[in-house]
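Here's a look at how two protein chains sit against each other. Have the sequence and the 3D view open as you read.

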There are 2 protein chains.
Amino acid sequence: MSKILMGPQTLVYPTPTFLIGVNVDNKPNFMTVAWGGIANSEPPMISVAIRHQRHTYRGIRQNMTFSVNIPSTDLVRETDYCGIKSGAKVNKVEDCQFNVFYGKLNNTPLIEQCPINHECKVMYILNLGSHSLIIGRIEETHISESCLTDGKPDVNKIRPFIFTMEPDSQYQAFGEVVAKAFSIGQELKAKE
Amino acid sequence: MSKILMGPQTLVYPTPTFLIGVNVDNKPNFMTVAWGGIANSEPPMISVAIRHQRHTYRGIRQNMTFSVNIPSTDLVRETDYCGIKSGAKVNKVEDCQFNVFYGKLNNTPLIEQCPINHECKVMYILNLGSHSLIIGRIEETHISESCLTDGKPDVNKIRPFIFTMEPDSQYQAFGEVVAKAFSIGQELKAKE
């Protein structure tokens with residue numbers, strides 16, 4: 001198999017579409033972020049990378065909290081909008097008709113329409129160059145009751161989506177189940 | 001829409017399936033990681049969370065480098081295996097029949113069968129509790145020539161997959177394209 005060198009690239013699959021919520025000057029704002037992921041299990045932590053000049057970054061510095069809202073495919077237009085526009089210029093909550101609520105952390109806005117919402121306290125801010133990596137401890141997780149099956153989160157009801165950068169910037173739904181995790185690998189074990 | 005409180009949970013969609021490569025005591029080893037993502041654009045950086053007691057963590061401390069290999073659905077069995085077993089007990093390279101090669105960083109093993117390979121130098125190691133978050137600067141990115149279309153990475157040829165934790169731990173392919181990014185949000189803009 002022949003390999004091509006591309007130079008250093010931020011090319012990974014999948015990347016998420018998180019809607020990051022903060023109050024900026026006491027007004028709720030949301031920004032779409034694809035650079036991030038879970039950072040720790042116990043206690044639960046999440047990381048998101050945000051450019052220093054972003055309106056959202058100001059809000060994070062003001063409150064030292066943020067939310068991570070996971071949209072469903074129903075909200076793909078709104079999610080894209082929150083990645084294109086700046087809260088310094090438009091009112092995204094109004095334009096997207098988000099129903100905002102607050103949870104355990106009083107100053108951290110959450111989107112009711114998103115199936116999953118995490119409230120986070122900032123633990124670390126690392127300036128890595130173009131972005132700061134914000135590492136937040138998840139203080140509370142909310143899920144829409146309609147997205148549960150037998151009390152468990154159900155990916156088929158949540159209907160999350162992926163941001164795919166290459167070859168064309170697009171959003172993709174989750175597809176077919178390829179295999180059971182912590183299970184199919186046992187077939188190789190049997191070969192030993 | 002009614003919300004349920006779940007307590008703090010590491011519940012996000014999507015999460016990746018990265019095969020993290022290191023030499024441990026000079027022998028190549030690979031471990032599957034779902035906690036991680038891009039951490040910075042310029043320069044390109046990536047974060048991965050690894051439990052301190054892992055064989056891979058030892059290799060990272062020894063070399064201060066690691067690789068991130070992105071498997072295709074063809075490798076789902078091998079990927080699961082590398083998440084189940086420890087390199088302290090089995091030879092994963094042999095069991096998975098990985099063709100290992102080395103790139104710019106001499107001591108950082110890469111998997112030929114994976115469509116995308118990143119070579120990374122460790123910039124930060126943050127002890128966050130159960131895991132250390134390893135932040136690496138991507139020094140070089142390799143792509144299989146067969147996964148390019150008109151010189152660009154093609155997600156339909158790469159065939160990456162997602163680790164889905166809830167409701168059942170499983171691997172899912174990428175699904176249908178829901179919308180064009182940096183585009184569909186313009187429809188909302190028009191409403192202003």
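What follows covers the contact between the chains, a strand pairing and some salt bridges.

## Before you start

This is a predicted model, in which local features need pLDDT of at least 70 and side-chain atom pairs count only at pLDDT 80 or more, while totals for chains, interfaces and linings use all residues. Residues are numbered from 1 along each chain as its sequence is written, chains are lettered from A and ligands numbered from 1 in the order in which they are written, and side-chain values use heavy atoms, leaving out hydrogens and water.

## Where the chains meet

Let's begin with the contact itself. On chain A, 107 residues are in contact with 107 residues of chain B (contact means heavy atoms within 4.5 Å). Together the two chains bury about 9,400 Å², and carbon and sulfur atoms give 64% of that; buried area is the accessible area (1.4 Å probe) that two parts lose on being put together, summed over both. In chain A, the residues that lose the most area to chain B are A:Lys3, A:Tyr13 and A:Ile38, together 8% of what that side buries.

There are also 59 residue pairs in polar contact between chain A and chain B, both at pLDDT 80 or more. Such a contact is a pair of N or O atoms within 3.5 Å; within protein, one must be able to donate a hydrogen and the other to accept it, and residues adjacent in sequence count only if both atoms are side-chain atoms.

## Strand against strand

β14(A) gives the largest share of chain A's side, 11 residues (strands are DSSP runs of E, at least two residues, numbered from the N terminus). β14(A) pairs with strand β14 (residues 170–180) of chain B in the antiparallel sense over 7 bridges; two strands pair if DSSP finds at least two bridges between them. Here A:Phe174 stands opposite B:Phe174.

## Salt bridges

How many salt bridges are there over all chains? The structure holds 13, and the count between chain A and chain B is 6. A salt bridge is a side-chain nitrogen of Lys or Arg within 4 Å of a carboxyl oxygen of Asp or Glu.

B:Glu42 meets A:Arg51 at 3.4 Å, N to O. This pair runs from the loop between β4 (36–40) and β5 (45–51) of chain B to strand β5 (residues 45–51) of chain A. B:Glu187 bridges to A:Arg77, with the closest N and O atoms 3.6 Å apart. Another bridge joins B:Lys152 and A:Glu166 (3.9 Å, N to O).

Conventions. Helix = DSSP H or I, 4+ residues; strand = E, 2+ residues; numbered from the N terminus.
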